[in-house]
Structure formats: C-alpha cells, structure tokens
Amino acid sequence: MVLSTTPFVGPLKHLKWGEDTIRYVSSTNCLGVTIDDKLSWSQHITLARSALNAKVKMLRRINFLSTSILENFYYKIVIPSVLYGIVIWGSGPKFKDLEMIHIRAARLIHKLSTSFKDSDILSKVSWMPLEYFYKFRILTITYNAYYNLGLREINSLITKNSNSYNLRKSSNVVLNRPKTELGRRSFVHRSAIAWNALPDNLKDSSNLSTFKYNLKQSKEIIMNINFGKGGNVIHKTKPDFHYY
C-alpha cells in the first residue's frame, strides 16, 4: 500500500516476496481497523457506521424491554464493539456520521417522540456525544504514556516539558506544530492538546483508575477540548511516498 494524501501517478514497480508478487491495495485490515492509503479512516468509519446502524435496528426489535436494560446493553455491548480503536480513527472527518445514529439510539431507547429535535436529544437523556469517548480514550492513553505505564513505543510519543521551574501547567507536554493536515489529526498532536487542556490536579491523579474517575467528573473540561487549527499554521506540503 502506497500512503499519500495526493493521487499517485504510476507506474508502480513490481515487488516480490520470494516467488510471489506483492499485490498493491488501497486499503487493508489490521487488528480490526481498516487502514486506507490516505489515512483518512473513511472506510473504517463507514464500516463502523454500518455496524452501529445494524445494532440500533436490533435494539428496535427488543424495544419492549425497559429503558434501563436497553441503555445498559447499549453502553456495555454496542458502544465498546463499535468504538474499538477509536483513538486511531476518531480523527477522521466522517466521524460525525456516527453521531446521528448515536442520537437515534438515544431517542429509541428512551422512547422519545419526534417532537424532540435531534440537537436536544442527548442533553434530554443525559448522554454524552461520541466525541466525548474519543477524547476520553486519548487522555487515558496519554496518562499511561506520561507516567511510562504504557507500551514503550507509545510512551515515546509523549515528550515532557524540560522546564524545571514549578510553574502553572508544569505538567504540560511538548506540543509540536505539524505542517500538514494529516499531522494535525495525528495522535501525537491531539494527545498533547488534550493533555495540556487539563488542570494539573487532574494530571496528578495517583493511578489510572483515579484518573478515569476524575475525568468522568470533569465532562465539561473534556468537551471544551478543541482540536481546531487555532494558532497553528498548516503548510500544504507534498509528503514523500512510503511503501507499507
């Protein structure tokens, strides 16, 4: 697979592994996540949307059950299966396609009439948008990386500030300035933005369980995290091609 954000003008040279010729593909599945050659995650999100849609339709067939049972089933079975690997593909521009199905599930489970606007549904039933789960997952992985509790390769993605002075926000990490849109959507960049948006007392949680508990009490802080361009200057540079 040739990774590039721009169309590739061939021809591609033949690659062989022993006697076999390696076939070029535009996407492939790795550990349950569909990777496309532009790293847009569009294909994976399309599959996730189809899966979530099918499971919400299944909930409609058992809608005679109580709201508490349906809600419990949705959050413990449906959401974890659909949002698997969300920290990787949640930056895709089509991620918002899942939100409408999430809202439809809330309307179905809580048996709300069509008189309620879609924009009011989640607050009415006290549900968080899927964006919240994406940011929450980024923060838990960053916590492990910050305290060297995760895999070495992931820990290396987080760079602590070298400033030794005990200043406000002393637990911040280095925020790089990516030159491409792809870099701006990367975990390295977004994890730094999310982590630096937290107050120090949250970052100083004694262990991961405590950190998760404190995060759940700070939903407004999480939802206020903004991955927009802000002051970052994005240069449209043409990336090199890489063979995968």
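Where does S126 lie? S126 is in the loop between α5 and α6. This is a predicted model, and in it S126 has a positive phi, near 60°, although the residue is not glycine. Most residues other than glycine have a negative phi. S126 counts as exposed, because its relative accessibility is 65% and the cut-off for that class is over 50%. A second case is L31, whose phi is also positive, about 55°, in a residue that is not a glycine. L31 sits in the loop between β4 (27-30) and β5 (33-36). With a relative accessible area of 70%, L31 is exposed too.

The chain has 12 helices and six strands. Its C-alpha atoms fill a box of roughly 60 × 55 × 35 Å along the principal axes. Of the 244 residues, 37% are buried. Taking contacts between residues at least 6 apart in sequence, 65% join residues at least 24 apart.

Confidence should be kept in view while reading the model. The mean pLDDT of the chain is 87, and 91% of the residues reach 70 or more. Confidence is highest in α6, at 96, and lowest in strand β6 (residues 242-243), where the mean is 38.

The largest nonpolar core holds 54 residues, and within it Y74 and W89 touch the most other members. At least two residues of this core come from each of α1, α2 (67-82), α3, α4, α5 (118-125), α6, α9 and α11. Helix α6 supplies the largest share, 10 residues. The surroundings of W89 can be listed directly: leaving aside neighbours within four places in sequence, W89 is in contact with V33, W41, H44, I45, A48, V82, L83, Y84, F95 and L98.

In the pair α6 and α9, the axes are 9 Å apart and the packing angle is about 90°. The two helices are therefore roughly perpendicular. On the α6 side the contact uses Y134, I138, L139, I141, T142, Y143 and Y146, and on the α9 side it uses F187, R190, S191, A194 and W195. By type, these residues divide into nine nonpolar, two polar and one charged.

Helix α9 (residues 187-196) is itself mostly covered, with nine of its 10 residues buried. The buried ones are F187, H189, R190, S191, A192, I193, A194, W195 and N196. The cover over them includes α3 (86-89), α6 (130-146), α8 (181-184), α10 (200-203) and α11 (208-216).

The second pair is α1 (residues 42-61) and α4 (residues 96-109), whose axes come within 10 Å and cross at roughly 10°. That angle makes α1 roughly parallel to α4, because angles under 35 degrees fall in that class. From α1, the contact takes in I45, A48, R49, L52, N53, V56, L59 and R60; from α4, it takes in D97, L98, I101, H102, R104, A105, L108 and I109. The residues of this contact comprise 10 nonpolar, two polar and four charged. Among the α1 residues, I45 and A48 also belong to the contacts of W89, as does L98 of α4.

Two partly exposed residues complete the picture. Y75 is found in helix α2, and its relative accessible area is 25%, so Y75 is partly exposed. Not counting residues up to four places away in sequence, Y75 touches P80, H102, W127, M128 and F133. One of these, H102, is also part of the contact of α4 with α1.

L65 is placed in the loop between α1 and α2. L65 counts as partly exposed, at 29% relative accessibility. Residues up to four places away in sequence aside, L65 touches L70 and K111. For a sense of span, L65 and D204 are 139 residues apart in sequence, and their C-alpha atoms are 42 Å apart in space.

Conventions. Residues numbered from 1 in each chain as written. Predicted model: local features only at pLDDT ≥ 70, side-chain atom pairs only at ≥ 80, totals over all residues. Heavy atoms only, no water. Axes fitted to C-alpha atoms, helices over the stretch in contact; angles between N-to-C directions. Helix = DSSP H or I, 4+ residues; strand = E, 2+ residues; numbered from the N terminus. Parallel < 35°, antiparallel > 145°, perpendicular 65-115°, else oblique. Contact = heavy atoms within 4.5 Å. Nonpolar A, V, L, I, M, F, W, Y, C, P; charged D, E, K, R; others polar. Buried < 20%, exposed > 50% of the residue type's maximum accessible area, 1.4 Å probe, protein only. Core = buried A, V, L, I, M, F, W, Y, C linked by side-chain atoms within 4.5 Å. pLDDT = per-residue confidence, 0-100.
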